[in-house]
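Please look over the sequence and the structure before reading on.

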Amino acid sequence: MTDSKYFTTTKKGEIFELKAELNSDKKEKKKEAVKKVIASMTVGKDVSALFPDVVNCMQTDNLELKKLVYLYLMNYAKSQPDMAIMAVNTFVKDCEDPNPLIRALAVRTMGCIRVDKITEYLCEPLRKCLKDEDPYVRKTAAVCVAKLHDINAQLASMLIAESHPNSNLLDLNPQTINKLLTALNECTEWGQIFILDCLANYTPRDDRESQSICERVTPRLSHANSAVVLSAVKVLMKFMEMLPKDLDYYGTLLKKLAPPLVTLLSAEPELQYVALRNINLIVQRRPEILKHEMKVFFVKYNDPIYVKLEKLDIMIRLASQANIAQVLAELKEYATEVDVDFVRKAVRAIGRCAIKVEQSAERCVSTLLDLIQTKVNYVVQEAIVVIKDIFRKYPNKYESVIATLCENLDSLDEPEARAAMIWIVGEYAERIDNADELLESFLEGFHDESTQVQLQLLTAIVKLFLKKPTETQELVQQVLSLATQDSDNPDLRDRGYIYWRLLSTDPVAAKEVVLAEKPLISEETDLIEPTLLEELICHIGTLASVYHKPPSAFVEGSRGVQHKRLPGSAGSGESVESPDTGSAPVASEAPPAVIPSQDLLGDLLNLDLTPTTTTGPPPPSSAMQMGAMDLLGGGLDSLMTAGFGAPPTAGPPSFTAPVSGGLDDLFDLGGGVGMPMGAYVPPKTLWLPAMKAKGLEISGTFGRRAGVVQMEMTLTNKAMSVMTDFAIQFNRNSFGLAPAGPLQVLTPVSPNQSIEAVLPLNTVGPVMKMEPLNNLQVAVKNNIDVFYFSCQYPISMLFVEDGKMERQVFLATWKDIPNENESKFQLNDCHLNADAASSKLQGSNIFTIAKRTVEGQDMLYQSMKLTNGIWVLAELRAQAGNPNYTVSLRCRAPEVSQCVFQSYEAVLKN
Amino acid sequence: MIAQVFILSSKGDRLVYKDFRGDIGSDAVGLFYDKVTALTGDQPPVVMTHRNVHFVHVWQGGLYLVATTIAADSSPFAIIDFLNRLAALIKDYCGALSEKTVQMNFALIYELLDEMLDYGYVQSTSCDVLKNFIQTEALSSRPFSLLDLANVGLFGADTQQSKVAPSSAATRPLQGGKSEIFVDVIERMSVVMSTSGVLMKAEVEGEVKVKCFLPSCSEIRIGLNEDLSVGGSHLAGYGAAVRVDECSFHPAVRLDDFEAHRILRISPGQGEQSVMQYRLADRLPLAPPFRLFPAIEKDAAGRLLMFFKLRCDLPPKSSAVNVSASIRVPNGCISLSQELSSPDQSAELQPQNRAVVWKVPRFPGGTQLSAVFKLDIPALSSASMMEVGPVCLTFELPKVTASGLHVRFLRLVPTQHRGPTQRWVRYVTHSDSYAIRI
């Protein structure tokens, strides 16, 4: 008796029959019936009508039958939530069964039933099973907590908090890393993958830590499971960035990486393909790893075509003077293969070799000529396209081949090849006797050609005319009229007109323009853009590495997707990609016009009452800050040593100064300035009118108190019912503001009651540039609904306490920032003298560094630093008796100037 | 993490379908089948995506084993590996992986999946761990019978008289049966050779597999060649030493005696395991098994004449079986006439592949075969001569390892288990990609 009969076609009264069988007294018959039900379920038939009958079979001590029933339950409980409740009792009972298999089974199944009502009952048994004596049950229960988190995050975090009070499990610090590394040696291959992937998210503090982690991960490279190997490679590739290149260990590591990567290629084609896609990335980042392993990328005749193409790509990336002869011999073989796509790519590869390795160019060209002799249509066309590129790299070197090319003019039928050929004819018109005839022959079918060919033909004929003006006047007029009068294509028309006017006004100038020397094409084509490559290296072994796209490009509603970056190298710092000077350290994404409500909602549903779990891990934003500091530090260093002869050790001291430096600063000023008055806090404004939020009214403001940014809110309940369960979440914003804790509204807000809430903020949240810069989008949740509003914060609250610059540094930095980054503002109607203004500004962490009086004008030089490390330098001019101040701001990120000025205005006028 | 796992027949019927996370609808099955059947040959089938659902699949035993995921950080390697393990486990439990066995044992497979994956995270794929949880008995499509032994050789080899292990062991479920253990050394050989016989590339990928049918598994010791050297080129002094460039081991292998005595110690679980994998490139201990001496010319009538001498350089006692040489010929061949040196050989023209396929069922070591092929090609030019070749060979070399790796001994550490235990050691070398350029 076999199970296959269950799949046989069914009769009309099948459900009835099954019902009868399910209610049979005989165990065997019952089991057979449940199997039949499951078989129908698998093929997609609706057997939910049998729900009560199947659930009735649940009370059994036959484990096999029980498993089958549970399988059914998982599938249909969601569509029959009321009925599913019937099963709860059995679940609870099974969770206390003496047999650990049954306990685990019950917990596992309960977690898979995504019905709210069941979830309530789940917690108690789950709590018990987490403390079960049997490890298998405990493990199953632990996974069940994860399931619970998806259904009801609040309940799950309660459970976690019970066993781990006050600890953040997701925090990666050296202690946890150490534990993970120890566990790495003891767990199954699948566990190792999870651990390695987790390690890859950690950023070591320095190169020594990085090296010690690398040393402990390296043994994984010889694991039999290729997923383990690749995850280990990811960790190593990432941490290697931090190792100084002159270190011996660095070289050792490079050597160790090659063999496992090569071994990956002996797997089945599917795995080979995935491995090759990853190797392609690795080779672009660190070609030295595999430079001696060229041979393994030689194509086998029985490789599937997608593997062949990928190997070819890597071969070209690895080609160098040392191995070019070998590569070329291979490519020549490939070019006579059967598969058209592969042959084309091989021919193209020969051209790329010629461009990449100059010494081989001659040999490549002669190989290409051999291939053209075969007269195989697609080979000839492809060869002509690459020969055009070779001409562009080595002009005037291989014209001797032109004659051969011209012989094949007739066989060209692809636009790209035709365009390439026309380009060659135009470029070397003076060397080709019958160039005019050749081009004329193309002109006959001008309107049938593709745009690419038309444009090329136009240019080529103009070139020809400029080189041989006497014989080709007619031809050029013909093509110009074709292009300008008979064509609908604006590109073509415009180009035609430009040539026409050029030729008619000043033929000499035309010659200079059209026949100007062209820039040579670069050696490496189709490399992945460096920042994308860096990100992809961080995603080695994942889907992103197969698609060669960042996860944000293929994950919808990219919740939780962060842009990862490689850590900077310590010591030499040579591989750090320093951001362009002047660009603000904000992510380069376009600011969204509206709040992506779905996104926010997703985040909110994830919202936790424990403060730390929902805020994304800080590395991305802190990495950015590092970048900005680097940039500043670097710039200053070089300036100080170059221009001012100041001792280089002076460095910018404020980077290391403790944040609580308010008092020191005070003394620094010599006490002559007056008492600081504390940061300016603007009055509360209405953020969310009750009309828009079902009765909840929120007004609030931002302030900085004792070095902590706070959001101060008044929540007023203007509805008829009590409001509870408040929670808050921010959208990504320019400075990474995020709640540092949950919203503390402990008591329910009854109708017409107002409550004050103070929310401390930190700046380690995800960063996205907003418009205006200081815009903040907020979502507030209560028991009624989720509400969105946006507000603007005064940027002054982001000025940190250690924002006072050394005079020397200030001077150097001021000069270093280009003039176009300076913004001037007028501040009207300010009736303070310079000293009063200075002390007032000091309260908001805008520090006066020097004061000068020139011709009755007071000049204050001031500096401030934002939480993300951006420095803003200011010059404030005040004339005695004149209420109008002039503020000049210089900053490497000029975007912030407008906001900073608004803060000046706000502080000084209040 | 994995959101769903399903197994489809080649016609797209659902055989097994299990959802682990509930975030992808069951319409994914249909979507997958549409996508996979619409693939053209040059598109990589490995990872496919639709909206934000990613499909990873392997094709084994005429079935699609598919996993879906929506998480961008899932590792396709891990998923493919997992699916391969699933396939191996089904083979271990049910004897073979086919539409029929999966249909017969769907309840068992559901049970397996339930234990292997929880909430989309892989828990365990080890047969030993899993057998503690599995209740359902496997049903084998065909009971094991001694009759099967009668005339089937190992790896298709015609070796009736030689003493070989029963091939049906490969398609037998674990439960029940005799206590037997098989150690297979399987190698795949890739060679690229120029016309003059110069090796341009030579590579051997090998694997030591243990398939264990012992009811209670004790430790076994596998002794490899004592002169085996790993990695270092410093040892390859006089050429006698057996060398591998690198090797990796199953995590359960204890290597205490490996450095000194080249002994692998392992307590194999029931079922099949790959104990050791190794690779060797460039300097093979033996000459490559085949050499080709071609001569190609145009005759007066404009036909293409190809003379081939093919020599088998194996030791005289060994022989190659199922040798097939595929000779690439120019475009536009119309007909072929051939002269072969013995009647059991055959040759045919396959115009769609531009190839002449020459088959030799059995090729003893140290012998030489010759063949003449005459091809009618209307548009024969001098350039078409360039299109001749390469010649690609496929073959099997039973009882031969290209690397020279051998199992010195296979010892079972005595346990309570009584009764005779059959121990088998088998060697075979397959061609992976053996190409001779002309």
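## A residue of the core

Which residues does A:Y72 touch, not counting residues up to four places away in sequence? They are A:V37, A:I38, A:M41, A:V47, A:S48, A:L50, A:F51 and A:V54, where contact means heavy atoms within 4.5 Å.

## Basis of the report

The structure is a predicted model, in which local features need pLDDT of at least 70 and side-chain atom pairs count only at pLDDT 80 or more, while totals for chains, interfaces and linings use all residues. Residues are numbered from 1 along each chain as its sequence is written, chains are lettered from A and ligands numbered from 1 in the order in which they are written, and side-chain values use heavy atoms, with hydrogens and water left out.

## Nonpolar cores

A nonpolar core is a set of buried Ala, Val, Leu, Ile, Met, Phe, Trp, Tyr and Cys residues joined through side-chain atoms within 4.5 Å; buried means under 20% relative accessible area, with a 1.4 Å probe and protein chains only. The largest nonpolar core holds 249 residues, and those touching the most other members are A:Y72, A:L290, A:F297, A:L331, A:F391 and B:F82. Helix α2 (residues 76-94) of chain B gives the most to this core, namely 12 residues. Another core, of 64 residues, lies apart from it and includes A:L688 and A:M864.

## Chain B

Chain B contains six helices and 25 strands, which are DSSP runs numbered from the N terminus (helices: H or I, at least four residues; strands: E, at least two). Of its 438 residues, 55% are buried. Among contacts in chain B with a separation of 6 or more, 69% join residues 24 or more positions apart.

## The largest cavity

The whole structure has 13 cavities of 30 Å³ or more. A cavity is a set of points, on a 1 Å grid over the protein atoms alone, where a 1.4 Å probe fits but cannot get out; lining residues have an atom within 4 Å of a point. The largest cavity has a volume of about 110 Å³, a volume being the space filled by probe spheres set on the points, which are joined across faces, edges and corners.

Both chains line the largest cavity, with residues including A:Y301, A:E337, B:V192 and B:P390. At least two lining residues come from each of α17 (324-334) of chain A and β25 (422-436) of chain B.

## Positive phi values

A:N396 has a phi near 60°, a positive value in a residue other than glycine. The loop between α20 (377-393) and α21 (402-407) of chain A holds A:N396.

Definitions and conventions:
Buried means under 20% relative accessible area, exposed over 50%, partly exposed in between (1.4 Å probe, protein chains only). On a 1 Å grid over the protein atoms alone, a cavity is a set of points where a 1.4 Å probe fits but cannot get out, and a pocket is an open set with protein on both sides within 12 Å along at least five of seven lines; lining residues have an atom within 4 Å of a point.
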